[in-house]
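Hello,

Here is the structure I said I would pass on. Please look it over before reading my notes below.

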Amino acid sequence: MAKKLKSQLIRLKCSECGRIGYTTAKGLAIKEKLALSKFCNSRACKKHTLHNEVKIK
Ligand SMILES: [Zn+2]
């Protein structure tokens, strides 16, 4: 039987304008908060900024 990978969906929020532009999955075993450099498509940014993890309720 195939082993299911446990993961949770999270959102990535721009640290500069607060826009949530990405949804991704993170393994439940990973305790650290994700912070990734992603392209922000909002009018305020239009550049790569740091995106922080936010939980999906
Ligand atoms: Zn932004």
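**The sheet and its strands**

Four strands, in the order β2-β1-β4-β3, make up an open sheet with antiparallel pairing. Its edges are β2 (20–27) and β3 (35–40), each of which pairs on one side only. From one strand to the next, the twist averages 40 degrees. Keep in mind that this is a predicted model.

**β1 with β2**

β1 and β2 run antiparallel and are joined by 7 bridges. Ser7, for instance, has Gly27 in β2 as its bridge partner. The hairpin of these two strands has 5 residues between them, and there Gly18 takes a positive phi near 85 degrees.

**β3 with β4**

At the other edge strand, β3, the pairing is with β4 (residues 47–55), antiparallel and over 6 bridges. Within it, Leu36 has His51 of β4 as its bridge partner.

**Arg11**

I also looked at one residue in β1 (residues 7–14), namely Arg11. Is Arg11 buried, exposed or partly exposed? Arg11 counts as partly exposed because it has 15 C-beta neighbours inside 10 Å, while a buried residue would need 20 or more and an exposed one 12 or fewer.

Leaving aside residues up to four places away in sequence, Arg11 touches Ile20, Tyr22, Thr23, Val54 and Ile56. Gly27 is 16 residues from Arg11 along the chain, and the C-alpha atoms of the two are separated by 13 Å.

Regards

Note on methods: Residues numbered from 1 in each chain as written. Predicted model: local features only at pLDDT ≥ 70, side-chain atom pairs only at ≥ 80, totals over all residues. Pairing = 2+ DSSP bridges. Axes fitted to C-alpha atoms, helices over the stretch in contact; angles between N-to-C directions. Contact = placed C-beta atoms within 7 Å.
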